[in-house]
Amino acid sequence: MLKLENISVKYKDKVVLDNLSFEANSGEIIGLVAPNGTGKTTLFNVISNFLKPNKGRVTFNENLQYKTERKEISIHKQLATFPDQGDLFEELTGVDHMKLYANMWKGSTKHVKDIYEQLQMESYVKKKVKTYSLGMRQRLCFAMIAAADTPIMLMDEVMNGLDIANVSLISKHLMKMKQDGKLIFVASHLLANLDLYADRVLYLKAGDIVHQQSLNESTEEYIKLELTLEQYEKMKYTLPDDHLYIAERLCCIPIANMDMETQKEWVERLSDYKEKELTIGPLGTPEYYEKYFHEK
Ligand SMILES: Nc1ncnc2c1ncn2[C@@H]1O[C@H](COP(=O)(O)OP(=O)(O)OP(=O)(O)O)[C@@H](O)[C@H]1O
């Protein structure tokens, strides 16, 4: 549904995206993670053609590219970006905003009520935005893109400023949108939250994707133990070659190629570190993030 090929973006001498390629399909939620200033927004701007890359191609549905104004309009009918809180109109109501987006993309507003009910916004959605808190504004931004109901959605920091209950409410709604066949990109710093609904997480570093983590397929499991650098240094030569030591705190030993007996032996050996919690499971988004972005 969406293909990026060899995308490069430079601002003067600063290379932000460097020959980046990937493909994405409908019915997928793709998490995009990287430290501040790495290029997530730049990548979204390339996908939406707000920024022309210095090199590379963006293709929708096999052969649709930003080559003419007509083609751009055709792509923009299928693609909505998460509104910025600063773009909200203080004197308009939440419903007005949702209808604006619904009319602009879907050409109908029948579904607007269902959305604000599902997002539990009934108590304030008919009031003017100037009376809203930050969290209410953020939920409205999400309700607006939901009202646009486009096949592709680009969401930058969708959970910003939301409390736990609202993060959970919006996470559930994202999963429903995925079931409806949307392709959704979520750039986020709420890493553990991505594990709930993303199918894949892309880790962006030095202009390219350094790792793609698929959360659907059965992922490799590890014995995981918190170790100080000192403890780790003492035992590192006795650990299997393919172990990981992440962010100078988490020792991970893959168990995929171990029989049950060897796994037990390892658990027993490591339980000498009684004060530390030992767990067995796959690496999650926060752990991969530390692996790729932890600076010494
Ligand atoms: N118009 C511009 N001119 C020059 N440099 C820019 C411009 N826009 C972005 N940059 C630079 O490109 C880099 C990537 O910026 P971008 O906004 O894409 O990062 P980001 O990953 O979205 O960051 P954040 O998590 O803070 O939103 C940054 O170093 C930024 O300073």
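Colleague: What's a nonpolar core?

Modeller: A nonpolar core is a set of buried Ala, Val, Leu, Ile, Met, Phe, Trp, Tyr and Cys residues joined through C-beta atoms within 7 Å. Buried means that 20 or more other C-beta atoms lie within 10 Å of the residue's own; exposed means 12 or fewer, and partly exposed is in between, with C-beta atoms placed from the backbone.

Colleague: Before we start, what kind of model is this, and what cut-offs apply?

Modeller: This is a predicted model: local features need pLDDT of at least 70, side-chain atom pairs count only at pLDDT 80 or more, and totals for chains, interfaces and linings use all residues. Residues are numbered from 1 along each chain as its sequence is written.

Colleague: Which residues touch the most other members of the largest nonpolar core?

Modeller: Ala 143, Ile 145 and Val 186 do, in a core of 62 residues. Helix H5 gives the largest share of this core, nine residues. Helices (H or I, at least four residues) and strands (E, at least two) are DSSP runs, numbered from the N terminus.

Colleague: And what does Ala 143 touch?

Modeller: Gly 94, Met 98, Ile 115, Tyr 116, Leu 119 and Met 121, leaving out residues up to four places away in sequence. Contact here means that two C-beta atoms, placed from the backbone, lie within 7 Å.

Colleague: What about a second core?

Modeller: A separate core has eight residues, including Leu 225, Leu 250, Ile 253 and Leu 283. In soluble globular proteins, nonpolar side chains tend to be buried together.

Colleague: Let's do H3. How many residues does it have?

Modeller: Helix H3 covers residues 94-106, so 13 residues by the DSSP runs. Its first and last C-alpha atoms are 17 Å apart, close to the 18 Å expected. The expected span is 1.5 Å times one less than the number of residues.

Colleague: Which H3 residues are buried?

Modeller: Gly 94, Val 95, His 97, Met 98, Tyr 101 and Ala 102. They lie on the same side of H3 because they cover an arc of only 160° around the axis. That arc is taken from the directions from the helix axis to the C-beta atoms.

Colleague: What covers them?

Modeller: The cover includes helix H4 (112-118) and helix H5 (134-148). Just after H3, Gly 107 has a positive phi of about 75°.

Colleague: Which residues other than glycine have a positive phi?

Modeller: Among them are Glu 157, with phi near 45°, and Glu 248, at about 50°. Most residues other than glycine have a negative phi.

Colleague: Where is Glu 157, and where is Glu 248?

Modeller: Glu 157 is in the loop between strand E7 (152-156) and helix H6 (164-179). Glu 248 is in the loop between strand E12 (244-246) and strand E13 (250-254).

Colleague: Why is Glu 248 exposed?

Modeller: Glu 248 counts as exposed because 12 other C-beta atoms lie within 10 Å. Glu 157 has 17 and is partly exposed.

Colleague: New topic. Which residues are around the ligand?

Modeller: Tyr 11, Val 16, Ala 34, Asn 36, Gly 37, Thr 38, Gly 39, Lys 40, Thr 41 and Thr 42. A residue is near a molecule if its C-beta atom, placed from the backbone, lies within 6 Å of it. Helix H1 (residues 40-47) gives the most to this shell, three residues.

Colleague: How much of the whole protein chain is buried?

Modeller: Buried residues make up 30% of its 296 residues. The chain has ten helices and 14 strands.
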